[in-house]
Amino acid sequence: MGCWRGPSTVLACLLLLRPLPSPACPAACRCSSGEADCSKHALREVPQSLSANTSTLWLGYNFITALGPQSFPPLPGLLLLSLPHNHLGLIHSQALVGLGALQELDLSNNYLTALTPETFLPLTSLATLNLGSNRLGELDPGVLRALPQLQALLLQDNPWVCSCGILPLWHWLSHNREKVREESLLLCRVPEHLNEYPIMDFRNESFRQCQETSLSAQHYITFLIIGPFSFMASIFFCTFMGSIIVVYHNLRRESHFWRRPRICRGR
């Protein structure tokens with residue numbers, strides 16, 4: 001009714017009737033209800049124009065090779081991050097900072113060869129982690145201990161090296177079997193005689209030789225450095241102490257000589 005009083009009033013009414021603009025959505029993505037699907041677009045990096053209220057982010061089947069410290073825009077409400085089937089080989093230790101609400105992370109089917117505990121420290125709410133089908137030969141269990149809410153872990157189809165280096169991971173897996181999914185697919189790749197042997201079938205006695213005291217290359221180098229030094233130090237110390245003893249005995253002898261009673265003979 002009052003909207004017909006003048007042109008300016010009509011314009012104001014039209015603006016009020018206009019729907020609110022939707023949150024930002026990158027050109028390579030499809031967005032709706034907090035979900036951004038950016039998969040299969042040959043992306044080489046994470047889009048930076050994502051809405052801050054994004055809760056689900058699909059980035060699978062792209063060409064992302066690394067996640068740096070500035071790879072993600074601020075996404076405080078992100079709950080699911082899916083990055084499978086990329087060329088991901090490196091994750092910076094600060095790459096996931098700001099994703100503390102994340103509950104599910106899929107890094108499967110990539111080129112990851114190593115991970116550090118610092119990388120996952122920000123993910124205090126993460127419940128599901130998929131590291132399947134990467135190039136992991138070993139995994140520091142500190143990576144897993146950095147995830148206090150972890151409930152499901154997938155590690156299948158990695159080229160695990162079943163030597164003494166895998167003992168810490170085996171200990172963690174053995175004490176957290178309820179968290180390990182597809183454990184029958186955790187198979188050794190190296191050495192050859194253990195190829196396709198299930199990691200979870202190992203027992204304590206399987207690692208007996210690893211628990212024996214052994215010297216590493218660093219120990220031998222230390223001994224080579226300290227050995228000659230300690231030998232020379234011992235010679236110097238013995239020589240020094242011997243000199244002190246000799247001087248002491250000489251001083252006692254001279255003191256005894258001068259203290260001997262002298263017999264005076266009459267002329």
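Reply: Begin with ring pairs. Rings of Phe, Tyr and Trp count as a pair if their centres lie within 6.5 Å. In this model, which is predicted, ring pairs join Trp-170, Tyr-197, Phe-202 and Phe-207 into a cluster.

Me: How many aromatic pairs does a search of the whole structure find?
Reply: The search finds 3. In one of them, the ring centres of Trp-170 and Phe-207 are 5.0 Å apart and the planes meet at 40 degrees, so this pair is tilted. Planes under 30 degrees apart would count as stacked, and over 60 as edge-to-face.

Me: Where in the chain do Trp-170 and Phe-207 lie?
Reply: Trp-170 belongs to helix H4, while Phe-207 is in the loop between strand E12 and helix H5. They are 37 residues apart, and the pair links distant parts of the chain. Both Trp-170 and Phe-207 are buried.

Me: What about the rings of Tyr-197 and Phe-202?
Reply: Their centres are 5.0 Å apart and their planes are at 45 degrees, so this pair is tilted.

Me: Is Tyr-197 buried or partly exposed?
Reply: Buried means under 20% relative accessible area, and exposed means over 50%. Tyr-197 has 32%, so Tyr-197 is partly exposed. Phe-202 has 9% and therefore counts as buried.

Me: Which charged ends sit over a ring?
Reply: Lys-40 has its charged end over the ring of Tyr-61, 5.4 Å from the ring centre. The charged end of Arg-135 sits over the ring of Tyr-111, at 4.1 Å from the centre.

Me: How do I read a disulfide?
Reply: Look for two cysteine sulfur atoms within 2.5 Å. The search of the whole structure finds 4 disulfides. Among them is the link of Cys-25 and Cys-31, with sulfur atoms 1.9 Å apart. At 80 degrees about the S-S bond, this link is right-handed.

Me: Which handedness does the disulfide of Cys-29 and Cys-38 have?
Reply: The torsion about its S-S bond is about 105 degrees, so the disulfide is right-handed. Cys-29 is buried, at 9% relative accessible area, and Cys-38 is buried at 0%.

Me: What does the disulfide of Cys-164 and Cys-210 link?
Reply: This disulfide, with an S to S distance of 2.0 Å, links distant parts of the chain. Cys-164 is in the loop between strand E10 and H4, and Cys-210 is in helix H5, 46 residues apart. With -80 degrees about the S-S bond, the link is left-handed. Cys-164 is partly exposed at 40%, whereas Cys-210 counts as buried at 18%.

Conventions. Residues numbered from 1 in each chain as written. Predicted model: local features only at pLDDT ≥ 70, side-chain atom pairs only at ≥ 80, totals over all residues. Heavy atoms only, no water. Phe/Tyr/Trp six-rings, centres within 6.5 Å; stacked < 30°, edge-to-face > 60°. Helix = DSSP H or I, 4+ residues; strand = E, 2+ residues; numbered from the N terminus. Buried < 20%, exposed > 50% of the residue type's maximum accessible area, 1.4 Å probe, protein only. Lys NZ or Arg CZ within 6 Å of the ring centre and 35° of its normal.
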